[in-house]
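Hi,

Here is the structure I promised to pass on. Please have a look, then read my notes below.

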Amino acid sequence: MANDYSFKHNNKTFTIPAFADLPMGVIRKARKGKDEADTAFLILETVMGEDSPELAAVDSMKAAEFQEWLTGWTQGVSVGESASSES
């Protein structure tokens, strides 16, 4: 059973799949990222969908807020290392 990750932004709550429960297809696609940032955004766009309210919320975050959010979602695992180690 897949777990979800919920986060609040601008007084709204959003729910996405937990990082640890991402389908292998997402990890496979993300391995093509040029660097860790590219890999992270490939994962986010695949998981959330380009036009989703969840991605719009993430897009509106300031850099420090995004970094804190990303650490919470990944539970501190490096996105690039996770994607490359599982592919």
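Helices here are DSSP runs of H or I with at least four residues, numbered from the N terminus. On that basis, Lys32 sits in the loop between helix H1 (24-30) and H2. Bear in mind that the model is predicted.

**Positive patch**

Lys32 is part of a surface patch of positive charge. Lys32 has a relative accessible area of 57%. The cut-off for exposed is over 50%, so Lys32 counts as exposed.

**Negative patch**

There is also a patch of negative charge on the surface. Glu45, Glu50, Asp51 and Asp59 gather in it. Glu50 lies in a loop, between helix H2 (36-48) and helix H3 (53-59). Its relative accessibility is 54%, so Glu50 is exposed too.

**Thr74**

Is Thr74 buried or exposed? Its relative accessibility is 5%. Buried means under 20%, so Thr74 is buried. Thr74 belongs to helix H4, which covers residues 63-74.

Which backbone oxygens does the side chain of Thr74 reach? One belongs to Leu70, at 2.8 Å. Another is that of Val77, at 3.2 Å. Polar contacts are pairs of N or O atoms within 3.5 Å.

Finish at buried Thr74 in H4.

Best wishes

How values were computed:
Residues numbered from 1 in each chain as written. Predicted model: local features only at pLDDT ≥ 70, side-chain atom pairs only at ≥ 80, totals over all residues. Heavy atoms only, no water. Patch = residues over 30% accessible without salt bridge, like charges linked within 9 Å, V, L, I, M, F, W, Y side chains within 5 Å. Areas by Shrake-Rupley, 256 points an atom, 1.4 Å probe, with all protein chains shown as cover. Salt bridge = Lys/Arg side-chain N within 4 Å of Asp/Glu carboxyl O. Lys, Arg positive; Asp, Glu negative; His and termini not counted. Charge placed at Lys NZ, Arg CZ, Asp CG, Glu CD. Helix = DSSP H or I, 4+ residues; strand = E, 2+ residues; numbered from the N terminus. Buried < 20%, exposed > 50% of the residue type's maximum accessible area, 1.4 Å probe, protein only. Polar contact = N/O pair within 3.5 Å; in protein donor to acceptor, adjacent residues only side chain to side chain.
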